[in-house]
Amino acid sequence: MDLVQAINTEAKQRVQELRQLLQKASYAYYVLDSPIMEDPVYDQLYRELQQLENQYPELITPDSPTQRVGEKPATQFISVRHNVPLYSLENAFNIEELKAWEGRWRRQAPKVGEVEYVCELKIDGSALALTYENGILTRGATRGDGVTGEDITQNVRTIRSIPLRLNLEEVETLHATSLQRIEVRGEAFLPLEVFKQINQERQKAGETVFANPRNAAAGTLRQLDSQIVARRRLDFFAYTLHIPGRDDASIANTQWEALELLQNLGFRVNPNHKLCPSMDDVAQYYEYWDTQRLNLAYMTDGVVVKLNSFKLQEQLGFTQKFPRWAIALKYAAEEAPTRVENIAVNVGRTGALTPLAQMRPVQLAGTTVSRATLHNADRIAQLDIRIGDTVIVRKAGEIIPEVVRVLKELRPDNTQIFVMPSHCPVCGQPVIREMGEAVTRCVNASCPAILKGAIEHWVSRDALDIRGMGEKLVHQLVDRRVVHSVADLYSLTEETLCELERMGKKLAQKLVEAIAQSKNQPWSRVLYGLGIRHVGSVNAQLLTQKFPTVEQLAQASSAEIESVYGIGEEIAQSVHQWFDISANQTLISRLKDTGLQFASTVEETQASQSHQKFAGKTFVITGTLPTLKRDEAKTFIQKAGGKVTDSVSKKTDYLVVGKEAGSKLVKAQELGISQLSEEQLLEILEN
């Protein structure tokens, strides 16, 4: 061996030794919270490793501690498909809803006896999916829509509590199995102290401060410059382990064992998780952390409850949106007092005038709140709210701010009584309030506010799903009088779009292509996109199943439309009246000329009919059901093609019976109508 080779070999050995030392020190510091070396010692070893890698660049590997920071800024993030869907969780807001969830999963597994639950604090951050191959971090991705996320590996590497290399040797020896490829899910978050420091720095620099740690974490992860991400000092808790093709039970049979395995692999796991042998223990854990969470160094908004057994988890599987074996038990929304400084009026796509309380900004559930909906004139009268009042505001479902009550004892003498306007605040035309309705409406079809709302609805995900057509762009198109109806969208050209603010040629080209692609959306989505009052996406599917073409629906009477199972009188009248308006007939004609789909294909019709188990059947629900709310049961029946009415008659096919059933049960027995329990109803639907 010559001298050069000897030096290279020695350098390689020293690099490996330094990486192992630094990895062990990082694990002890960031994961175990038990430092094993002084900071100056760590810094000295780190600098030595840097010098060796600079001298021998061929020795640099992705798992080196020096690769956490310093890569060139990315130009964009690439979309990646999750190998295992990253589902969000169903929410419960009290113990009763938690027990209802237990009832639902037990119906799926009726033979299961006593079970264990694992409770973990629900960290208020941003979900990440991490992929490791042969122990090396190869990909970090955002949740995205649960199926597709963004590859942010460059930023993930900057988070010190995420190992670049796993402790595979020790774990594989312990479990006598190979972990060549694993996927880890967890939450990236900003500790409260770090969040406070970041906002102080931004304020000094004249920059906008972050509203809350969750938004700051999400925004940080999507920075194109990983050096900025590194300076933000994100942290991470791991909570889920996926081992593709796992068939060795010795690896982990339960969530509890998986959390232990994650720790052994080198991840930081939230130390406050607990194994609960009963639902009562879960309730105690939830109640304990309702107050204790305020003492934590990070934000948490609830408790995640999981069935411990992986075998049972696999048996239960997933709904279209959530895992059946886990639920997020959220804490009650925070309430805070603030002052109403003004009441403004917003005009929506249906012309509805919605009063909004403009309030002195207040921190609520981690966000700054300055506006809250007051719904309508009746709600204002019920609250007796006035401009200048002090009110209690909270977040409904921790999302939508709402005024709970007025503190009249603090009402000053100079408050102003609010009166709904007699004319539309946008177009100036008279507004109306129909008999029996709480909503005041502008009925001017040319009102810019109505047009903006109609276009925003048309391009939304559940309707025509035109990507890139955001709110600001829609407002530009209407304010500049480029479009006067949704039909005008299909006449837009790249040249026209390029005249708008912040619209380059490439973006304009993509938008024109997205508009063209929307012509392939099915008739049910087009119907929903038209924005007919009371017609949601489910109702649109029911209607297009009965009326496969727009001509059939347009010519149908209110009675014929109401005969569709799941469609009530109010919806039927709304649809019939909409098609009776000549301007709407003109709109349909224009949209048809663009090539949009106004008829169902044979395949769509056959597929929809195959799922109509209750087609032609009429149901009545009576009493209190064990786990389902009445509206939930009604929705299940309607989705299966059934019709739900309020009264029992000879036309009733089934009576769904709950506790404390009254006269409806007596009448059904007299008429010989079949009765179903909630369990029987769900069994029919599931089978």
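Student: What percentage of the 687 residues in the chain is buried?
Tutor: Buried means under 20% relative accessible area, exposed means over 50%, and partly exposed is in between, using a 1.4 Å probe and protein chains only. Here, buried residues make up 46% of the chain's 687 residues. Keep in mind that this is a predicted model, where local features need pLDDT of at least 70 and side-chain atom pairs count only at pLDDT 80 or more, while totals for chains, interfaces and linings use all residues. Residues are numbered from 1 along each chain as its sequence is written, and side-chain values use heavy atoms, with hydrogens and water left out.

Student: How many helices and strands are there in the chain?
Tutor: Both are DSSP runs numbered from the N terminus: helices are H or I with at least four residues, strands are E with at least two. The chain has 26 helices and 24 strands.

Student: What is a nonpolar core, and which residues touch the most other members of the largest one?
Tutor: A nonpolar core is a set of buried Ala, Val, Leu, Ile, Met, Phe, Trp, Tyr and Cys residues joined through side-chain atoms within 4.5 Å. The largest one has 52 residues, and Trp458, Ile466, Met469, Leu489, Leu543 and Leu591 touch the most other members. Several helices supply at least two residues each, including helix 13 (448-458), helix 14 (471-479), helix 21 (569-580) and helix 22 (582-594). Helix 21 gives the most to this core, five residues.

Student: Which residues does Leu489 touch?
Tutor: Contact means heavy atoms within 4.5 Å. Leaving out residues up to four places away in sequence, Leu489 touches Ile455, Trp458, Val459, Met469, Leu477, Val483 and Ile515. Apart from this core lies another, of 42 residues, with Val118, Phe195, Leu234 and Leu262 among them.

Student: How do I read the packing of two helices?
Tutor: Two packed helices are described by the angle between their axes and the distance between those axes. Axes are lines fitted to C-alpha atoms, for helices over the stretch in contact, and angles run from 0 to 180 degrees between N-to-C directions. Helix 21 and helix 22 pack at about 80°, with axes 5 Å apart.

Student: What do we call that arrangement of helix 21 and helix 22?
Tutor: Angles under 35 degrees count as roughly parallel, over 145 as roughly antiparallel, 65 to 115 as roughly perpendicular, and the rest as oblique. Helix 21 and helix 22 are therefore roughly perpendicular to each other. Trp578, Phe579 and Asp580 in helix 21 meet Ser582, Asn584, Gln585, Leu587 and Ile588 in helix 22.

Student: And helix 13 with helix 14?
Tutor: Their axes come within 10 Å and cross at roughly 135°. That makes helix 13 oblique to helix 14. On the helix 13 side, the contact includes Pro448, Leu451 and Ile455, and on the helix 14 side it includes Val474, His475 and Val478.

Student: At what angle do helix 3 and helix 10 pack?
Tutor: Helix 3 (residues 95-108) and helix 10 (residues 279-292) pack at about 145°, with axes 11 Å apart. Among the residues making the contact are Trp101 of helix 3 and Tyr286 of helix 10.

Student: Is Glu96 buried or exposed?
Tutor: Glu96, which is found in helix 3, is exposed, with a relative accessible area of 59%. Its C-alpha atom is separated by 9.3 Å from that of Thr627, 531 residues apart along the chain.
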